[in-house]
Amino acid sequence: QQAAHDPNMQGPRLNLLSCDSEATMSVSSGSPGSEVIVIGSIYEPKHGDQLSLLSNSHCPIIDIGIKLPKQHLSQDFLKSQMVKVDSSGSGRVVFLNQFDEACSDFIYQAVDLQSCTAGPTLDLRQ
């Protein structure tokens, strides 16, 4: 839990709004009008990881504070969603929560693809 609110992570913030059949989160403090990718992983961050966005020449590699699963495990242990934030840098993202896993097994982080920064992690693991 020590990585929960790393002050070095200056990117967008996540806040859990509701959790039932879907996990709904708000995104704030993004760059106005930018695309933000929200990533969820079940893995404990030991040293952080790097998000490689080879198709994004503006910021192809971004340091993140969660551990990404290996490719063959990503279907079960990784959630990701792209959201375009509004002119105030805010948006909303929804993940399916059919087995209650989205709100009890995952650590989330938002990454701003304009400023190339990751925000603080949101740890929902119980």
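1. Basis. The model is predicted, with local features requiring pLDDT of at least 70 and side-chain atom pairs counted only at pLDDT 80 or more, whereas totals for chains, interfaces and linings use all residues. Residues are numbered from 1 along each chain as its sequence is written, and side-chain values use heavy atoms, leaving out hydrogens and water.

2. Pairing (at least two DSSP bridges between strands). β3 (residues 35-41) runs antiparallel to β8 and is joined to it by six bridges, with Val36 opposite Asp112. β10 (residues 122-123) is also antiparallel to β8, through two bridges; Asp123 is the partner of Ile107.

3. Hairpin. β8 and β9 form a hairpin with four residues between them, and Cys116 in the turn has a positive phi of about 60 degrees. Two bridges join these antiparallel strands, and Ala118 in β9 is the bridge partner of Val111.

4. Ser41. This residue of β3 counts as buried because its relative accessibility is 0%. A polar atom of the Ser41 side chain lies 2.5 Å from the backbone oxygen of Lys67. Beyond neighbours within four places in sequence, Ser41 has contacts (heavy atoms within 4.5 Å) that include Phe77, Asp105 and Ile107.

How values were computed
Buried < 20%, exposed > 50% of the residue type's maximum accessible area, 1.4 Å probe, protein only. Polar contact = N/O pair within 3.5 Å; in protein donor to acceptor, adjacent residues only side chain to side chain.
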